[in-house]
Amino acid sequence: MQSVRLSVAGRAKKICLIGEQILTATIEPFHTIDVSRRANALRQAGRSIIHMEFGQPSTGAPRASIDVAHRILDTEPLGYWESQALKDRIALHYHQAYNVTLNPERIVLTCGASPALVLALNVAFDSGATVATARPGYVAYRNDLRALHMQPMEIDCGNDQDFRLTADAIAALDPAPRGVIIASPANPTGTIIRSDELARIAAICAERDIRIISDEIYHRISYDHAAHSMLEYSDDCFVVNSFSKYFSMTGWRLGWLVVPDQYVPAARARMGNMFLTPPSLSQHAGLIAFDSTDELDRHIETYRRNRGLLLDALPFLGLGSIAPPDGAFYIYASIAHLTDDSLSFCLKMLDEIGIAASPGVDFDPVNGHQFIRISFAVATPLVEDAIARMKTWLPLQPRIDGVTRPENHSSEGMRL
Ligand SMILES: Cc1ncc(COP(=O)(O)O)c(C=O)c1O
């Protein structure tokens, strides 16, 4: 493959030539980072800011993990290291939670789900491969695919599809893509794909020779029913997971990738060359975190309360088309009556009432201009404060749909 650098409109752009085909690797910025940067600047300047832009628990690592980390810092040299005990513990988790028997050697420890995703894509597909993803979907899917010179094929999974990817949608893709990324619970919507549908997805992918990467980073954060692992329906898929969400260890940078048997040597070779090992300290702390479920499950109760407050309040404030947040800690809601520029809307809301949220355009370049994502992985009083601020601000915003007094725009009856 030949690769050259060009300067395009003032930006460095790498292009790759594969045969006659030119694949560009222009990566869109993650606009939420701009919102967050501005939120931090405002906070430093003394403003009261409620951070609901990033999907990160505000709770920190479990107490026992922190205690272990203190002890290890005093006693261990912390070199490159892969914890066999952690791989064994993760394999046991698959047995306990999903009744799946997993050889621990199929688990590659990574520095979070982000490198696990890059590793899976790099092992599973060649440059130029087409890989399907749901739209809206996590921003890194399409950008990682582009960075790896692969082609994202986005499947519309908006309001009309109940914000869920289905086996029928995958069956209808023509030609069949080489792969598909499944996310359940999904980011930004929190929707969970039910077990019978996951089984149908596994079957149609096996039939059409479509390789599955299942991003299960939000597992164990769900409200009515637990999410199922794709490993229950297929032994031949890649599964991405991490300590960033349920375990509340975002900055510890620890995750894992479950690799199909035949790809284990390739995955290990790439891991060693690209990332070596995840932080040793985090591996010690992560192992203990598996025994901290009482503490971690209390966070889920906070999220459940926060979710209920927002689901009660937002429709009265005019936010509609809310995706059903079966899991994760996000509300993805339409602001179509107020704007078709979700980034400007988020910056305005931040400047005027100090709430940082994520613009939908990060997750859906087609319809996301009219959506925002609100993360409720924060303390409940902050959610109550955010609702109170929105309650006075949202009704004052000019509408772009010509409606002067919508029926459901009254805040009467809203529970706060
Ligand atoms: C769906 C999804 N996958 C992967 C990641 C990356 O997580 P990590 O912190 O483990 O790299 C995120 C982060 O928000 C995410 O939402």
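The dialogue below treats the strands and then the ligand.

Modeller: This is a predicted model, in which local features need pLDDT of at least 70 and side-chain atom pairs count only at pLDDT 80 or more, while totals for chains, interfaces and linings use all residues. Residues are numbered from 1 along each chain as its sequence is written, and side-chain values use heavy atoms, with hydrogens and water left out.

Biologist: Which residues of strand E10 lie on one side, and which on the other?

Modeller: In a regular strand the side chains alternate between the two faces of the sheet. Strands are DSSP runs of E with at least two residues, numbered from the N terminus. Buried means under 20% relative accessible area, with a 1.4 Å probe and protein chains only. Strand E10 spans residues 238–242, and five of its five residues are buried. Phe238, Val240 and Ser242 are on one side, with Val239 and Asn241 on the other.

Biologist: In which sense does E10 pair with E9, and in which with E11?

Modeller: Two strands pair if DSSP finds at least two bridges between them. Strand E9 (residues 211–215) and E10 are parallel, with three bridges; here aspartate 215 has valine 240 as its bridge partner. E10 and strand E11 (residues 255–258) are antiparallel, with four bridges, and serine 242 is opposite glycine 255.

Biologist: What pairs with strand E8?

Modeller: E8 pairs in the parallel sense with strand E6 (residues 130–135) over two bridges, and five bridges join E8 to E9, also parallel. Isoleucine 181 stands opposite isoleucine 213 in E9. Strand E8 covers residues 179–183, and five of its five residues are buried.

Biologist: How many residues surround the ligand, and which are the closest?

Modeller: A residue is near a molecule if one of its heavy atoms lies within 4 Å of it. The ligand is surrounded by 13 residues, the closest being Ala113, Ser114, Asp215, Tyr218 and Ser242.

Biologist: Which ligand atom lies 2.7 Å from a polar side-chain atom of aspartate 215?

Modeller: A polar contact is a pair of N or O atoms within 3.5 Å. For aspartate 215, the atom is a nitrogen of the ligand. An oxygen atom of the ligand is 2.5 Å from an N or O atom in the side chain of serine 114, and for arginine 253 the distance from a ligand oxygen to such a side-chain atom is 2.8 Å. The protein covers 92% of the 400 Å² of accessible area that the ligand has on its own, by the Shrake-Rupley method with a 1.4 Å probe.

Technical notes
Buried means under 20% relative accessible area, exposed over 50%, partly exposed in between (1.4 Å probe, protein chains only). A polar contact is a pair of N or O atoms within 3.5 Å; within protein, one must be able to donate a hydrogen and the other to accept it, and residues adjacent in sequence count only if both atoms are side-chain atoms.
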